[in-house]
Every structure is written in structure tokens, then in C-alpha cells.
Amino acid sequence: MASELTYRRHEMEQPEAESYYPKPIKPWFVAIRPIRYMLREQRLVFVLFGIAIATLGFTIFSKSSNQPIPYDVDPLPGYGMRTYLPAIEKKASIEYMSRIGSAGGKIPLGLKRKVLRVVVTGGAGFVGSHLVDRLMARGDNVIVVDNFFTGRKENVMHHFSNPNFEMIRHDVVEPILLEVDQIYHLACPASPVHYKFNPVKTIISFFLGISIAQYCCLDICLTNVVGTLNMLGLAKRVGARFLLTSTSEVYGDPLQHPQVETYWGNVNPIGVRSCYDEGKRTAETLAMDYHRGANVEVRIARIFNTYGPRMCIDDGRVVSNFVAQALRKEPLTVYGDGKQTRSFQFVSDLVEGLMRLMEGEHVGPFNLGNPGEFTMLELAKVVQETIDPNAKIEFRPNTEDDPHKRKPDITKAKELLGWEPKVALRQGLPLMVKDFRQRVFGDQKQESSTTSSSTE
């Protein structure tokens, strides 16, 4: 027993040198190791060289991005001169700005403005096609929705090859599902010939749980009420900002002159024009109800008489009537005594106002028109001077509910949007005449060639 104990004690008393222990790592070795790694094979040189290139690139880019953008160099965009879009500092709701990719301040270095998806109902029409041109020039993805009742494919054909452009043949009285950031709602026949095309019918539209019966022209009422309702519903679903193009017709035959946005109007609810007048008034009501009740970002523009290229030649509006009649060597038809007044704005001015309203922070409504006032006789004389000094003027009985005076007060648009028209009638009318001359005489040549080939 003793010997066994002695033996175990012998094992325990073995020197520590015979057992293995790992060598402890020096603290300073942890800091030196990365330095040795970078110095090996000249890796530090490559790192410093890369930093120098990046610094130089950011310096050059920041200088170029700080160059000022010219504003409104071309008063007639799209007619032979370069177009510069306005760079306006705007405010909007946090929800809307976060959705379109901006925090409301300057865009961070190295980032570009987010491309918006914009739908334009009635985008193949007169005003809509000019708006599409501006949006495409800005670099947005544009979707045109049009049933071609008054619109023409020729107005937007030049965008067909652009991948940022889409066109859908669709009537807004039927719902449509799209993912968009902005909605310009222009879909509605605006000329007397078009909105008086259908006879008066009784229409019952069910919306918001309310049954509403109105006597109106079927297509106009459907477009103004049901079409606007559908597009507002789309704006609510996808969180898009919605711009309604209303009209100066909401003032009716005004008792206030000039007309301000706070004026409630003098509209005949059972007249031949009421299908258009009351339809637009109802559309404004719907827009404001969606804004207050559903928090939809709404903008409302009240458009006064507008003229320019791509107008329908025989749409019954006074400027297009006079120009077409003068080109065809027909008498210029003046209704009534010719002392009725209107204010005429060129289409490029209107498009500028619509875009500023959409991008701004104010709901409206805003009058968008030219405060320059002309009587019908004065307009006829301007057309005579521009096209044919020998053109005759023919007087006819006045139409029902024709407003005696129409002139916008644009003080609100000047102060809140920084907008006012810049193209005078005598400056814009020749551009419209050039377009009409090509279309009128081009169509006649085409018809004559077709007739001759058929007789052969």
C-alpha cells in the first residue's frame, strides 16, 4: 500500500516542463497583423489610389449638379425651340412625397429624381396630348386612357416608340386598375357640338350609397360623374394625387365680372348646356368630398377658353370655328350681336398651369385662363388679319344660355402658383392656323386623290 502511494506521488511530482501549454499571444500582435497584411504585395497603394479617384469623381459631379436650370426660356414649348421645365420649390404632404421618393428637400448627392407613373385620362385629346408631351419630356412614365370620342391617335403617335409611353383604349365610365402616382383627369367632351350630341335622357347613378337622378346628356353626365368617381376611387386605392380639370362653365352666365374662385355662379340647371355645367359642378363636389372624407390628394383647375394646335376642326368652339371658316373661304359666323366677351389662352400656358397645380401644395380651385378680354367681333377681326382680310362676317341668332361675359380673375394663381399666361392671342393664333391649314387642305387633298383613284 505504501509503495503504491509512493508511486502516485511520484507521478504528481513530475516537473511542469514535461507538460504542453500553448504560447500566449502578445497584445500588440493583434494591431500589427492587419498592417502587415496591407503592406504585403503593395495593397495599401491600391487602397489609397482608389480613394483618390472616388474623391475626384464626387468633386466633379457636385460642381456640375449645382448649375442653375433656366426657367421659361421658351414661351411656346414644343414649337421649334428648346423646352425647359420649371424648377419650383414645392411643399406637399409627407405621405405623398415619401411615396414618390422625395423628402421635400434637395435630392441627395448621386441620386436622381424618381420617375413618376402618371395617367392622363383624355390624353389623346387637344389639351391632353400637349400635357403628355410635357410629361414625356420630363422623363415620366405616362399612361394615356382615352375612348377616342374626341381624341385622336395622331395626337400622340410620336410617342408610340418610347418605352415610357402606354396607351389604353378605355372609357372612364368603366373602372380601371392601375398603379400610378398622379392622375390628370381630363376625360370629358368640352365643346358644345360634342356635349350636345346625345339627346337628353334620365340617368340614375348609384354612388356613395345615394341614388341621384339627373336630366343631362348621357355621355357627359356619365363622364363627369361616374368617370370622375371611378378615377377618384383609383386615386384612393393607390394613394395617387388627383387633378380634376373643371371649367369656367361652372360660373354659368356670371353676374360677377371678372369671376373669382369664390363666386358660386349663375347656372341654369335645366338648360341645354346644363349637362356640361352641372356635370362639372358635381365633379368638383365629388373631388372635395373625397379630399375631406378619404384624404385623397386633390387639385382642381377651372379652365377658361383655350386654343392651339390639335383642336378639333369642327367642334363648335368660336376660335376653331372662325379659323376653319376663314381657311375654307366661308363667312365667319357671329352669334347674337357679337358683343359677348371671352378670354383666350394658348394651350402651352394652360399645360404649364396644370403642372404647377399638380406639383404644388394647394387644392384650389384655381382659375386658369388669360384675363385678356375680347368680344366676338374683335376675335373675328383678329382672325381676318391673320388669315384673310377679305373674309366676311355673318350674324346669326344667339344660342341658348350663351354667357354674355367671361373673364378670369387669376390673382390666386399668380400668388400661390406663380403662374400667369405669357402667349398673346396674336402670337399664338398663327401657330394654330398653321396646324389647321395642314389638316384642312391635307384632308382635302387626300379626299380628292381617293375620289380620282375610285373613278379610275
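**Note on the predicted fold**

1. Among contacts in the protein (heavy atoms within 4.5 Å) between residues at least 6 apart in sequence, 77% join residues at least 24 apart. This is a predicted model, in which local features need pLDDT of at least 70 and side-chain atom pairs count only at pLDDT 80 or more, while totals for chains, interfaces and linings use all residues. Residues are numbered from 1 along each chain as its sequence is written, and side-chain values use heavy atoms, with hydrogens and water left out.

2. The protein contains 13 helices and 15 strands. These elements are DSSP runs numbered from the N terminus (helices: H or I, at least four residues; strands: E, at least two). Of the 456 residues, 44% are buried; buried means under 20% relative accessible area, exposed over 50%, and partly exposed in between, with a 1.4 Å probe and protein chains only.

3. The largest nonpolar core has 62 residues, and those with the most contacts inside it are V120, Y184, V319, V323 and F344. Such a core is a set of buried Ala, Val, Leu, Ile, Met, Phe, Trp, Tyr and Cys residues joined through side-chain atoms within 4.5 Å. Neighbours within four places in sequence aside, the contacts of F344 include V318, V319, M376 and L379. A second, separate core of 28 residues includes V145, A235, V238 and L244.

4. Helix 9 deserves attention. In this helix, 10 of the 10 residues are buried, so it is largely enclosed by the rest of the structure. The axes of helix 9 (residues 318–327) and helix 11 (residues 376–386) come within 10 Å and cross at roughly 40°; axes are lines fitted to C-alpha atoms, for helices over the stretch in contact, and angles run from 0 to 180 degrees between N-to-C directions. Helix 9 is therefore oblique to helix 11, since angles under 35 degrees count as roughly parallel, over 145 as roughly antiparallel, 65 to 115 as roughly perpendicular and the rest as oblique.

5. On the helix 9 side of this contact are V318, V319, F322, V323 and A326, which meet M376, L379, A380 and V383 in helix 11. The contact residues divide into nine nonpolar, no polar and no charged. Here Ala, Val, Leu, Ile, Met, Phe, Trp, Tyr, Cys and Pro count as nonpolar, Asp, Glu, Lys and Arg as charged, and the others, Gly among them, as polar.

6. Helix 5 (residues 126–138) and helix 10 (residues 347–359) have axes that come within 10 Å and cross at roughly 60°. Helix 5 is thus oblique to helix 10. The contact involves, among others, F126, H130 and R134 of helix 5 and V347, V351 and E352 of helix 10. Its residues divide into nine nonpolar, two polar and four charged.

7. H170 lies in the loop between strand 3 (165–169) and strand 4 (182–185). This residue is buried, with a relative accessible area of 18%. H170 and V145 are 25 residues apart in sequence, yet 5.9 Å apart in space, C-alpha to C-alpha.

8. Cis peptide bonds join H257 to P258, with omega about -10°, and G364 to P365, with omega near 5°. F148, although not a glycine, has a positive phi of about 60°, and F148 is buried at 15% relative accessible area. K329, which follows helix 9, also has a positive phi, near 65°, but K329 counts as exposed at 64% relative accessibility.
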